[in-house]
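Open the structure in your viewer and keep the selection tool at hand. The stops below say what to select next and what is there.

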Amino acid sequence: MKKRKKLLFHINSMGKGGAERVVSVLTGRFAKDGYEVVVVTLWRAQEEYELAREVRRINLGDGKEHTGRIALAVSRFAGLGMVIHKEKPDLVISFCNKANFRCAYSMIGMKTPLLTSVRNDPRVDYFPYKRGMRQMEKKAAGCVFQTREARDCFGERLKGKSRVIWNPLDDQYLGLSSDRRKRAKYVASVGRLSVQKNQLLLLQAFRLIVKELPEYELRIYGEESDAGIKESLLGYIRQNDLQHHVRFMGQSSHLEQELRDAALFVLSSDYEGLPNALMEAMALGIPVISTDCPSGGPGELIEDGISGILVPVGDARRLSEAIKKLLMNPGLAEQMGKNGEKVKEKVSPDGIYREWKDFVEELTNA
């Protein structure tokens, strides 16, 4: 009888982030396909994506018993190395910069291949950590990137053994589309309240909108991840008398239903990988606007002027002009929404899983 292959995934936690959602989807698919799947995390987040029943999880602990950064890092390297040595997987798959670095160091001397996955802008997540980046490039047997721009930030050695694979769309978005008959008077945005997502830029743009279109409301979905950001945003809202025009919606477990009647979806980030929230809004047929931010995710998803609008990073005036253009031209907005909905053809969970599986089989059969 043929021995089934074992895959060990490593990510910091299963908290409600884009990379964590992809891990949840992929591990479930691999397990269903007959692989033995283990997920190793460092801590348990307050809100997490669920893993399939067949997937085994090992939590190393948050390391709070170590007070120094170096002691904490060494503890995590050693703990992860011991788990990999004990589990003896056919392949280790790591997600996000610190997990990639941690595996690259923990697996020194091991013959087990490592598949890394870059999920954000390398100029932010990798360039400041030169040693970790070099070790990752040296150790990785392969790497999955979300965009070509992110891939091209790395050396030829890693690029030569890499794949560009988009994120799988969540199953719950596959059979849905927006309710065009019931467009409501609100603009939606989804993302952690953070410096990266730059909701302040969105507020600055929306302040210019409500002067001409006071009937519209801005709804921001997501929890605070950078301390003090929400209070800062609330301060801007108070200073500019936007209290009746902006609502913080928090986290939603039924986002696909809540967004269906949005007039518009806006992403204001300074940098991204391949933003799931933008992809999901497009899949629903909602007209979208995004900053054309590195590492090229929005630019890969949106054909500017056809399936949405791209605006320069940090430009509140251009963002407000784009929002106003679509709100005042509903026919144009609906056509862009219809064009954007075709993204579903490229990000079906089955198709994305097949791309991952082909790469996994290539590395484990080498």
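Begin with the aromatic rings: a search of the whole structure, which is a predicted model, finds 10 aromatic pairs. Select Phe30 and Tyr353. Their ring centres are 4.9 Å apart and their planes meet at 75°, so this pair is edge-to-face; planes over 60 degrees apart count as such. Phe30 belongs to helix H1 and Tyr353 to helix H15, so the pair links distant parts of the chain, 323 residues apart. Both Phe30 and Tyr353 are buried.

Next select Phe95 and Trp356. Here the ring centres lie 5.6 Å apart with the planes at 15°, so the pair is stacked. Phe95 sits in strand E4 and Trp356 in helix H15, so parts 261 residues apart in sequence are tied together. Phe95 and Trp356 are both buried.

Select Arg163 with Phe359: the charged end of Arg163 sits over the ring of Phe359, 4.3 Å from its centre. Then select Lys130 with Phe127, where the charged end of Lys130 is over the Phe127 ring at 4.8 Å from the centre.

Move to helix H1, residues 18-32. H1 has 15 residues and spans 22 Å from its first C-alpha to its last, close to the 21 Å expected at 1.5 Å a residue. Is H1 mostly covered or mostly uncovered? H1 is mostly covered, with 11 of its 15 residues buried. Among the buried ones are Ala19, Val22, Val23, Leu26, Phe30 and Ala31, as well as Glu20 and Arg21. To see what covers them, show strand E1, strand E2 (36-41), strand E4, helix H11 (276-283) and helix H15, which are included in that cover. Just after H1, select Gly34, which takes a positive phi of about 105°.

Now show the strands. Seven of them form an open sheet with parallel pairing, in the order E3-E2-E1-E4-E5-E6-E7. At the edges are strand E3 (56-59) and strand E7 (162-164), each of which pairs on one side only. From one strand to the next, the twist averages 20°. Strands of a sheet pair through backbone hydrogen bonds, either parallel or antiparallel.

Leu115 stands opposite Gly142 in E6.

Bring back helix H15, residues 349-364. H15 lies across strand E1 (6-10), strand E4 (91-95), E5, E6 and E7, and runs at about 135° to E4.

The last stop is Val195, in the loop between strand E8 (186-190) and helix H8 (199-210). Is Val195 buried or exposed? Val195 counts as exposed because its relative accessibility is 53%, and the cut-off for exposed is over 50%. Leaving aside residues up to four places away in sequence, Val195 touches Asp226, Ile229 and Asp270. To end, select Glu280 as well: the C-alpha atoms of Val195 and Glu280 are separated by 22 Å, and the two residues are 85 residues apart along the chain.

Note on methods: Residues numbered from 1 in each chain as written. Predicted model: local features only at pLDDT ≥ 70, side-chain atom pairs only at ≥ 80, totals over all residues. Heavy atoms only, no water. Pairing = 2+ DSSP bridges. Helix = DSSP H or I, 4+ residues; strand = E, 2+ residues; numbered from the N terminus. Axes fitted to C-alpha atoms, helices over the stretch in contact; angles between N-to-C directions. Contact = heavy atoms within 4.5 Å. Expected span 1.5 Å × (residues − 1). Buried < 20%, exposed > 50% of the residue type's maximum accessible area, 1.4 Å probe, protein only. Phe/Tyr/Trp six-rings, centres within 6.5 Å; stacked < 30°, edge-to-face > 60°. Lys NZ or Arg CZ within 6 Å of the ring centre and 35° of its normal.
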